[in-house]
Amino acid sequence: GIFAEHSQLPDGLQIYEYKRDPLVALMPAEHPLAVRDSITLPDLAGYDFISLETGSSLQVLVVNSAAEAEVRITNRIEVVTFTAAVQMVLYGFGVTIVPAGIARIYGSNERLRSVPFSDRWSVRRLMICTRDEPKLTASAKRLLNHLRGPNPVPLHLPTTKGSLPNR
C-alpha cells in the first residue's frame, strides 16, 4: 500500500519512504490570495474551506497543522474525493488543499489557481508498506522494488493498536 506518513498504522508492516508530496491551496483565479507566489496556513483563516472527509489523512494533517498554528479554518463543505473538492472550488464555494500533482491535472483551467505553501507541514512524505515481503508474488516484488528504488531503508513509524478502517 501507499499512504501518508502521519497515517495510523497497524503492527507488522514493513515501511519504506516512497516520495515527497507537496500540498498547494487551490482556489478560484479571482480569489484575493491567487496573486500570491506562496501562502501559509494562517493566510486561509477567514475564507470558506472545502475539506476532505473527516478522518482522511489530508484532513487530519490540515486540522493538526491549523491547531499547531492556532489558526481557525472554517469548513464550508466536506467532500470525499479530490475531484469533488476541485468542483466545489470551480463553483466558488471556497478554497481547498490538494497535492500539487492533483492541481497540475487542472493546471490548464483558467478559472483555477494553485498557490504553494511556504509552511514546513505542507510537504508530506508518502510511504510504501507491505505485510510480508517474502510472500509477495514475483510481479508484486518487482513493483515494490521499482517504487522504493535502490538501497531501500526500512522505516520505523509508530503503530496503532487494533484494526483500522478499510479505505
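Guide: Glu70 lies in the loop between helix H1 and strand E4 (74-79) (helices, H or I of at least four residues, and strands, E of at least two, are DSSP runs numbered from the N terminus). This is a predicted model, in which local features need pLDDT of at least 70 and side-chain atom pairs count only at pLDDT 80 or more, while totals for chains, interfaces and linings use all residues. Residues are numbered from 1 along each chain as its sequence is written, and side-chain values use heavy atoms, leaving out hydrogens and water.

Phi of Glu70 is near 55 degrees, which is a positive value in a residue other than glycine. That positive phi comes just after H1. Glu70 counts as exposed because its relative accessibility is 76% (buried means under 20% relative accessible area, exposed over 50%, and partly exposed in between, with a 1.4 Å probe and protein chains only).

Now step back into the helix itself. The 12 residues of H1, at 1.5 Å a residue, should span 16 Å, and the end C-alpha atoms are 16 Å apart, so the two values agree (the expected span is 1.5 Å times one less than the number of residues). The buried residues in H1 are Leu58, Gln59, Leu61, Val62, Ser65 and Ala66. Viewed down the axis of H1, these buried residues fall within an arc of 160 degrees, so they line one face of the helix (the arc is that of the directions from the helix axis to the C-beta atoms). The face turned away from this buried side carries the exposed residues Ala67 and Glu68. The cover over the buried residues of H1 includes E2, E3, H2, E5 and E7.

Ser65 counts as buried because its relative accessibility is 9%. Leaving aside residues up to four places away in sequence, Ser65 touches Leu41 and Trp121 (contact means heavy atoms within 4.5 Å).

In soluble globular proteins, nonpolar side chains tend to be buried together. As for Leu44, its contacts beyond four places in sequence are Leu33, Ile39, Phe49, Ile73, Val95, Ile97 and Phe117.

Strand E7, which is part of the cover over H1, deserves a look as well. E7 spans residues 123-130, and seven of its eight residues are buried. Arg125 has its place in this strand, and counts as buried because its relative accessibility is 16%. Eight bridges join E2 (residues 14-28) to E7, and the two run antiparallel (strands pair if DSSP finds at least two bridges between them). Within that pairing, Ile15 has Cys129 as its bridge partner. E1 (residues 2-4) also runs antiparallel to E7, joined by three bridges, and there Ala4 stands opposite Leu126.
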